[in-house]
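Open the model in your viewer and keep the selection tool at hand. The tour starts at a strand and moves on to what surrounds it.

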Amino acid sequence: MTKFVWIDGKIVEWENAKIHVMTHALHYGTSVFEGIRGYYNGEYMLIFRLREHVKRLLDSSKILGLKLKYSLEDIEKAIIDTVKANNFKENIYIRPIAFVSSQTIQLDIRNLDTSLAIIIFPFGKYLKEGIRVKIVSWRRVHNTMLPVMAKIGGIYVNSVLALREARENGYDEALLMDINGYVVEGSGENLFIVRNEKIYTPPTNNSILEGITRDSVIKILKDMGYEVIEKPLVREELYTADEIFLTGTAAEITPVIEVDNIKIGIGNITKKLIEEFNNIVYGKNKKYEKWLTKVIL
Ligand code: PY5
């Protein structure tokens, strides 16, 4: 359905957005990417927290050591141009990806070429409303092993294996523990729990991706008058939680209804938060308008 893809400064037709099999990133996972949502409100497209996503793409590139030829402003403009070119009048997902594009087996990437592509497609729900999760046996790679704060392609093998284990056991999503046995995040989502009216989420030094939805949700909850505490979480705190939800660009705010076969209710805080989040992303809350980039189609 997508007509146009942006690649290295040009907008090309979907069929022509191709790379060679010897591309470095295909062999070694040397890519960094973003996932961004665009919400269509019937009149125009609202891109959620575009600047923060592009900034994280640049930070990920810096951590991996990719030399991008484009500035923050260049990439923002390229994304907006690609949104306009495709002209989707429905909700979309935006996937910018920078990757080592040289055709070589060399591991030394210092002098290799980097390409940037921007792919856009219509996108609805990623997970169902109310999911069953399993704390899987694969551990989240520790940030002394790989820089998990960067959204690097290769690191996602960790998520792929975790999700496969959960799905093969009949669950919808995986939760991973870190090397120290703290439950830290989902295969593609950050974790929040509500216990005794307080809200907890693992801190960024717990080998998590520093989610932009996580940051948004912390701000929204605080504005709603709740206390949000960043602290490591053990399995038993999840089993005895009043509410659990996952956050992410794809997952948005997804309530968890079961952890390892233990039932958890969808409570009022989660419900109120989802309602508030939906208002915000569709531009119905003036206070958070700064999070939205309006694109007239
Ligand atoms: N943790 C991991 C491992 C993630 O992959 C993601 C996002 C998040 C947390 C949440 O980050 P944010 O709120 O900034 O999106 N995952 C991607 C997404 O687009 C890919 C999912 C398939 O949601």
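Begin with strand β4, residues 36–40. This is a predicted model, and in it β4 is mostly covered, with 5 of its 5 residues buried.

Show the side chains of β4. I36, G38 and Y40 point one way, while R37 and Y39 point the other way. Both sets are buried. In a regular strand, side chains alternate between the two faces of the sheet.

β6 pairs with β4 in the antiparallel sense, over 3 bridges. Select R37 to find one of the partners: its bridge partner in β6 is Y93.

Next, select strand β5, residues 45–48. β5 also pairs with β4 in the antiparallel sense, over 3 bridges. Follow the chain from β4 to β5: the two form a hairpin with 4 residues between them. Stop at G42 in the turn, where phi is positive, about 100 degrees.

Turn to the largest nonpolar core, which has 32 residues. Select I47, I75, I79, V83 and I94; these touch the most other members. At least two residues each come from β4, β5, α2 (50–64), α3 (72–86), β6 and β7 (114–122). α3 gives the most, with 5 residues.

Zoom in on V83. Which residues is V83 in contact with, leaving aside its neighbours within four places in sequence? They are M45, I47, I92, I94, I120, V295 and L297.

Last stop: another core lies apart from the largest one, with 24 residues. Select F48, I199, I253 and F277, which are among them.

Key. Residues are numbered from 1 along each chain as its sequence is written. This is a predicted model: local features need pLDDT of at least 70, side-chain atom pairs count only at pLDDT 80 or more; totals for chains, interfaces and linings use all residues. Side-chain values use heavy atoms; hydrogens and water are left out. Buried means under 20% relative accessible area, exposed over 50%, partly exposed in between (1.4 Å probe, protein chains only). Two strands pair if DSSP finds at least two bridges between them. A nonpolar core is a set of buried Ala, Val, Leu, Ile, Met, Phe, Trp, Tyr and Cys residues joined through side-chain atoms within 4.5 Å. Contact means heavy atoms within 4.5 Å.
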